[in-house]
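Colleague: Can you walk me through how some helices pack here, and what lies between them?

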Amino acid sequence: MMILKNIVGKLWMTIIALVAVVLIILGLFLFRYIDTNFPKLNEQWRDLESLAFKIVSEVSGKEADNSYITAMNDVLSVQSIGLIGIQPGEAVPNGHTRDGAILAGDILNEDERARLFQGEVLQKRFTFFWGEQEEDFLAVAVPVTAQGSGEIISAVIMYQPVKSSEDLQYYVKRLFAFVSFMGFLMTTVFAFFLITRITKPLTQLKNAANLITQGQYSTRVTVLSHDELGELSRSFNLMGEQLEETIKALNHEKANLSRVLRSMSDAVMSFDIERKVIFTNPRGEVLLKEWNEIIWTDPADSEQDAPNQIPEPLRMLYDEVVQETKVVNNRLHVHQGVWSVVMAPLYSHKQVRGAVAVLRDVTEEHKVEKLRKDFVANVSHELRTPLSMLQGYSEALLDDIVTTPEDRRELAQVIHDESLRMGRLVKDLLDLARMEAGHIEMNMGRTELAPLFRRVHRKFLALCKEQDIHLECEFPADDVALEQGDQDRLEQVLTNLLDNAIRHTGRGRSIYLRYQTLSDMGSSAALIEVEDEGKGIPPEDLPYIFERFYKADKARTRGSSGTGLGLAIVKNIVEAHMGSVNVRSVVGQGTTFSIILPLTP
């Protein structure tokens, strides 16, 4: 039942049941008392008969004294008892008298009167009609005998309404039932009212608690009393205030943590015990999306299709962290990127419930470290080789190992060439250091590209013919000029590019030197290209060729005049002209360097 599912209904039903039980028990005892102590019908017969015999004893001494009968009628009428005296052989009428009194003929018939005067005591219950109403009576008829002779001289009939005793019992019981019903009804109403008043603060507390569970932490209840319920309401309000302050503090800390995580350039991911991603910051979402687009395993692998699963590169680290419950630091190489990963276990009640990983993109740092090592190794090698040759040949000259003038001249020439090579290396290093520091000296002015290309073409034409390489210079008929350009630096750019092209192009192949004009959204630029048909550059080396001392051909000897700084110098000079340099290459087919310079910076 719905009424028993709340405290108001339970208390109400409890009080009603308690009152009902008390009234039932009280009614049982009261009815028992009435039945036991109130006169019953048998007792009424007995009392009426006893009274009749007593009156008969009085009447027998007075013979036919009607005045006594009349006096006794007046006395007994108070108790609703009637008294009638009759004589033998007297005609006894029936029916109502003028005053509505009961006559002897209404009580006894002829046969009963005969038996009465024969000395029989009669008891009879009869009904008398008062108009349209009827009423039951008890009657006792006793013969009156003369004193001494024992002759029946008269008879006395006494009658009494039955309701005088039974109606009293019925009236008392009905009164008790009515009073009990009214008391039960009033108890029900007042109990419901009282319980509602008592439970109203509890209902408010319940509603306020529901609102708080829905996030309305500012909810408060009204204190309606100063009793225990009032104290409970005040304690609830205090709890609500403290909870609101705690939630505000937690939200503030959560917001701060969220801002910190979102502002981090590192990727942050957390995983549960089922290898599912439960949290990522924006950088982590981007990284997770990129890694999920990569096919790591068999397409039939179920984990590969789930976007919220831990990425393939982190699975081994995750298993190690969860199984050994320790922090793991490692570096991951994912395609062309390098990631530094720190992964730590997450605990819940001293049980590992997952792991959190912080990933930092260290690709550039890895490149810089690699370039640093290569730079140190290359500089050491580039300096050690000529120094060793200078030392060896100079010792040969000092020790007179070479005796002929021709040999001495050859050794001196080698020493001179190596010193020039060291000078170029030092000069290139100094120029590159100035460029990277922003201290490059530029003599800007109007620079026409056609004369510059002709000059560079003439300079390298003889060298190309010696090596059986075809050098072609292509440029449009209309002159193209840079408003701000340094002729010497641009010539150095073309010289470095052509020098590389000649060194890596085989005999019978061609090198193309050309430029053209580009227009894009109202701005014009010059596109300069140096294309060769040489060995080409492997794809994995393309991102690094503009770094210092980086050489794609690791097996190439140092006998050539290259220092490994030419392309780095090219990049810095082009960027100083507000331009850009790019390269595309196919291994075995050749390489093309493209330079874009704005005509008007």
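**Helices around a cavity**

Modeller: This is a predicted model. Helix H12, helix H13 and strand S16 (590-598) each supply at least two residues of the lining of the second largest cavity.

Colleague: Which element gives the largest share of that lining?

Modeller: The lining residues include Leu 490, Val 493 and Leu 494. The largest share is three residues, and the element that supplies them is H13.

Colleague: How much space lies in the second largest cavity?

Modeller: The structure holds two cavities of 30 Å³ or more. The space in the second largest cavity is about 40 Å³.

Colleague: Are H12 and H13 roughly parallel or roughly antiparallel?

Modeller: H12 (residues 449-466) and H13 (residues 487-503) pack with their axes 10 Å apart, at an angle of about 30 degrees. Angles under 35 degrees count as roughly parallel. Therefore H12 and H13 are roughly parallel.

Colleague: How many charged residues are in the contact of H12 with H13?

Modeller: H12 brings residues including Arg 455 and Lys 459, and H13 brings residues including Glu 491 and Asp 499. Arg, Lys, Glu and Asp count as charged. The contact also has 10 nonpolar and two polar residues; its charged residues number four.

Colleague: Is the crossing of H13 and H14 left-handed or right-handed?

Modeller: H13 and helix H14 (residues 566-576) pack at about 150 degrees, with axes 9 Å apart. The crossing of H12 and H13 is right-handed. The crossing of H13 and H14 is left-handed.

Colleague: How many nonpolar residues are in the contact of H13 with H14?

Modeller: H13 residues including Val 493 and Leu 497 meet H14 residues including Leu 567, Ile 569 and Val 570. By class, this contact has four polar residues and one charged residue. Its nonpolar residues number seven.

Methods:
Residues numbered from 1 in each chain as written. Predicted model: local features only at pLDDT ≥ 70, side-chain atom pairs only at ≥ 80, totals over all residues. Heavy atoms only, no water. Axes fitted to C-alpha atoms, helices over the stretch in contact; angles between N-to-C directions. Helix = DSSP H or I, 4+ residues; strand = E, 2+ residues; numbered from the N terminus. Parallel < 35°, antiparallel > 145°, perpendicular 65-115°, else oblique. Left-handed = near helix turned anticlockwise from the far one by under 90°. Contact = heavy atoms within 4.5 Å. 1 Å grid on protein atoms, 1.4 Å probe; cavity = no way out; pocket = protein on both sides within 12 Å on 5 of 7 lines; lining within 4 Å. Points joined across faces, edges and corners; volume = space filled by probe spheres on them.
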